[in-house]
Amino acid sequence: MNPYAALCDDFGLFAYLNTKLDLPSGSETVVHFFDAIQKSFPDMTEFARRENGEFVLEEDRNEGSLRSVTLEPRRLASAHMNPHSLEDADRQHERVLDIAPYHLDLSSLICDSLDVVFTFDFNYQGNHDEVVAEALAQGSPFEGLLQLPGSRVTHFEPSMMVTLDDRGRLQARLWVESRTTAYQVQTGHYTEAPITVYFQLHQDWSRQPFKTFAEAYWNRRRLAQELIESHVLPGILLPLHQTISAR
């Protein structure tokens, strides 16, 4: 089961392979690549080329769970929103990373980095920044400003990046994104939109120990989940969930 389904409104697990050179964009190569993906995931039937030149294959957006694969000039993105289990998302990302070298002439030589990203959406109609500050700034040096008479929070999006190895090639980044605008705060008119928490593990590809992209993904995905369970869940996700639920 998806371990985060009861915690947030939408959850996503993403794999990004970033390259130093442009990826192939010829129609024959692109069609063969996406055809191989569709054979593994037959429900991915919606294919399109966007105005910016990106190619995307995805499932029907009306379904609750959504798989998608995007081929950008210098990035291959595999995304799974609201997977039934983490293993479902892993199976997709592993398959995409396994076949990409053969269809896209993608080698370790031109690989720049591999990112694994977890996203957590909390739908809320109101001042996002105020909610984030209430959930995460209590007991911190920011608390005094929150208690100023007549004050209103108009921007609070905490972000942090840490290096996890001696050479700085493995980095973890956590950030919170609010979608409240200054106009909404001034008028008091808000629309429901998600507050998003992102957790990213970024691995520079040079001199990393893994032979294949899929092996690197599995290692980084497991490490990312360990860090989420031990730090992000109790320190960020649960306070946000509890604060929004209390409103």
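Reader: At what angle do the axes of α2 and α6 cross?

Author: This is a predicted model, where local features need pLDDT of at least 70, side-chain atom pairs count only at pLDDT 80 or more, and totals for chains, interfaces and linings use all residues. Residues are numbered from 1 along each chain as its sequence is written, and side-chain values use heavy atoms, with hydrogens and water left out. The axes (lines fitted to C-alpha atoms, for helices over the stretch in contact, with angles from 0 to 180 degrees between N-to-C directions) of α2 and α6 come within 8 Å. They cross at roughly 150°.

Reader: Are α2 and α6 roughly parallel or antiparallel?

Author: Angles under 35 degrees count as roughly parallel, over 145 as roughly antiparallel, 65 to 115 as roughly perpendicular and the rest as oblique. The crossing angle of α2 and α6 is roughly 150°. Therefore α2 is, to α6, roughly antiparallel.

Reader: How many charged residues are in the contact of α2 with α6?

Author: Contact means heavy atoms within 4.5 Å. From α2, the residues include D90, E94 and D98; from α6, R221 is one of them. Ala, Val, Leu, Ile, Met, Phe, Trp, Tyr, Cys and Pro count as nonpolar, Asp, Glu, Lys and Arg as charged, and the others, Gly among them, as polar. The contact has 8 nonpolar residues, 2 polar, and the charged ones number 4.

Reader: Which residues of α2 meet α1?

Author: Helices (H or I, at least four residues) and strands (E, at least two) are DSSP runs, numbered from the N terminus. Helix α1 spans residues 27-40, and its axis comes within 10 Å of that of α2. T29, H32, F33, A36, I37 and S40 are the α1 side. On α2 they meet R91, R95, V96, I99, A100 and H103.

Reader: What is the strand order of the open sheet?

Author: Two strands pair if DSSP finds at least two bridges between them. The sheet has 9 strands with antiparallel pairing. Its edge strands, each pairing on one side only, are β2 (46-49) and β7 (159-163). The order is β2-β3-β4-β5-β1-β6-β9-β8-β7.

Reader: How many bridges join β1 to β6?

Author: β1 covers residues 10-19 and β6 residues 111-124, and the two run antiparallel. L17 stands opposite L114 in β6. The bridges joining β1 to β6 number 10.

Reader: Which helix lies across β1, β6, β8 and β9?

Author: β8 is 170-177 and β9 is 193-204. The helix covers residues 213-246 and runs at about 25° to β6. It is α6.
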